[in-house]
Number of protein chains: 2
Amino acid sequence: MGPNDPFPGDADDTQTAMMQATYDALCKHGYADLTIQRIGDEFPKSKSLIYQHYDGKDELLVEFLAYMLDHFEADIPRDDSTDAHDRLRTVIDHILAPTIDEERYEFTSAMIELRGQAPHDEAFRDQFTENDRVFRARFEEIIRTGIDQGVFREVDPERVAEFVLTTIHGVMLQRVTTDEEVDIRAVRHELKAYLDARLLREEAT
Amino acid sequence: MGPNDPFPGDADDTQTAMMQATYDALCKHGYADLTIQRIGDEFPKSKSLIYQHYDGKDELLVEFLAYMLDHFEADIPRDDSTDAHDRLRTVIDHILAPTIDEERYEFTSAMIELRGQAPHDEAFRDQFTENDRVFRARFEEIIRTGIDQGVFREVDPERVAEFVLTTIHGVMLQRVTTDEEVDIRAVRHELKAYLDARLLREEAT
């Protein structure tokens, strides 16, 4: 977990504990083999609390996605004083890390499994739409700041943000659905080359 | 279907008929609700032929992915006489079409559902690895041709091909897992801007 751990060890409220149990069960079993029972196995309190709150695993998972979004949102630094170009590169370096540890791999796998539910499940689709909107807006905000700082050209921030988000989704998908074939270093290199060519003012290159 | 229809109407061999039935059932029901029985419902011959060939839907679907790959491979024109830049743009325009018809939407949805199986299913992962390898190689080949033609700079074709493939995956994923939020026109515009900046020689820009 990053600096903004979504499951702080000192939190003992029921919702946080349920979300942590969902996270642990999802990383361990993946979506297909996930059951409310298995989430309950990771839950330190009475399982009946989960059954009282949720009708099934999908309802719980949609809430889990919203919960994670709130915390990941906090995980991208909002720091207007730093050079926007550096901020963008730092975020990209983090998200497009060439290798990731097992926990992050399992979590990414589960996210792709959940995305696989979205085409035929409106609740998942709505939540992923919202998640993407938040990430897109965050990239837009960094690009706008860069334009205001005079570091970036007068580009269309929405377009560039959309493209960055698409690249990230592509890497996530390839990372967990193919065997060590994806050259993430190459993708990251090309994304940075795109950003430099597209964003940096002539005098800055 | 494109000019290389994977299910030619005059084909009456059992395998083609089985693959067409799989395609139809997959578009109609998606992966989660797909059963061998439902594939059988689309199959004009004796259902027992399917049961004889395949132990379950996943085995049939992996073969289906390989079959579709063979046909999609033929769908990207191999035409060395055309300007490589035009070829690349034509392929991108086709794959990143801003809107797609219902059949293509359903098929893309099914592909994303199948990708969602890949993290925990080696046979799917192997087949998607192979599919990606073929598409990556095709993009590489176009870029190499462009370098030979003197249209493109001396870039690393593998890196650029990887990046193009990643973008395509990102669009596929967003297209069917979020609600009309993705601005595919923006992504296509930025991908072309990237390719122009990265590939075209100074004198050509």
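Author: A salt bridge is a side-chain nitrogen of Lys or Arg within 4 Å of a carboxyl oxygen of Asp or Glu. This is a predicted model, in which local features need pLDDT of at least 70 and side-chain atom pairs count only at pLDDT 80 or more, while totals for chains, interfaces and linings use all residues. Residues are numbered from 1 along each chain as its sequence is written, chains are lettered from A and ligands numbered from 1 in the order in which they are written, and side-chain values use heavy atoms, with hydrogens and water left out.

Reader: Why is the pair Asp196(A) and Arg89(A) called a salt bridge?

Author: The N to O distance between the side chains of Asp196(A) and Arg89(A) is 3.5 Å, and the definition asks for a distance within 4 Å, so the pair qualifies. In general, side chains of opposite charge can pair when their charged atoms come close.

Reader: What parts of chain A does the pair of Asp196(A) and Arg89(A) tie together?

Author: Asp196(A) lies in helix α9 and Arg89(A) in helix α5 (residues 84-95), so the pair ties together parts that are 107 residues apart in sequence. Helices (H or I, at least four residues) are DSSP runs, numbered from the N terminus.

Reader: Which residue forms a salt bridge with Asp93(A)?

Author: The partner of Asp93(A) is Arg188(A), the closest N and O atoms being 3.5 Å apart. Here too helix α5 of chain A, holding Asp93(A), is tied to helix α9, holding Arg188(A), and the parts are 95 residues apart in sequence. Asp93(A), Arg188(A) and Lys192(A) are linked in a network of salt bridges.

Reader: Why is Arg188(A) called buried, and why is Asp93(A) called partly exposed?

Author: Buried means under 20% relative accessible area, exposed over 50%, and partly exposed in between (1.4 Å probe, protein chains only). Arg188(A) has 17% and therefore counts as buried. Asp93(A) has 30%, so this residue is partly exposed.

Reader: How do you know that the length of helix α8 of chain A agrees with expectation?

Author: The expected span of a helix is 1.5 Å times one less than its number of residues. For the 21 residues of α8 (residues 157-177) of chain A this gives 30 Å, and the end C-alpha atoms are 30 Å apart, so the two agree. Helix α6 (residues 102-117) of chain A has 16 residues, which should span 22 Å; its end C-alpha atoms are 23 Å apart, which agrees.

Reader: What makes α8(A) mostly covered, and which residue caps its N-terminal end?

Author: Of the 21 residues of α8(A), 18 are buried. The cap is Asp156(A), with a side-chain oxygen 3.0 Å from the backbone nitrogen of Glu158(A). A polar contact is a pair of N or O atoms within 3.5 Å; within protein, one must be able to donate a hydrogen and the other to accept it, and residues adjacent in sequence count only if both atoms are side-chain atoms.

Reader: Why is Thr178(A) called buried, and which residues does Thr178(A) touch?

Author: Thr178(A) lies in the loop between α8 and α9 (184-199) of chain A. Its relative accessibility is 4%, so Thr178(A) counts as buried. Contact means heavy atoms within 4.5 Å, and Thr178(A) touches Arg115(B), Arg125(B), Phe128(B), Thr129(B) and Asp132(B), not counting residues up to four places away in sequence. The side chain of Thr178(A) also reaches the backbone oxygen of Gln174(A) at 2.7 Å.

Reader: How many salt bridges does the rule find across the interface of chain B and chain A?

Author: The rule finds four. Asp179(A) forms a salt bridge with Arg125(B), where the closest N and O atoms are 3.0 Å apart.

Technical notes: Helix = DSSP H or I, 4+ residues; strand = E, 2+ residues; numbered from the N terminus.
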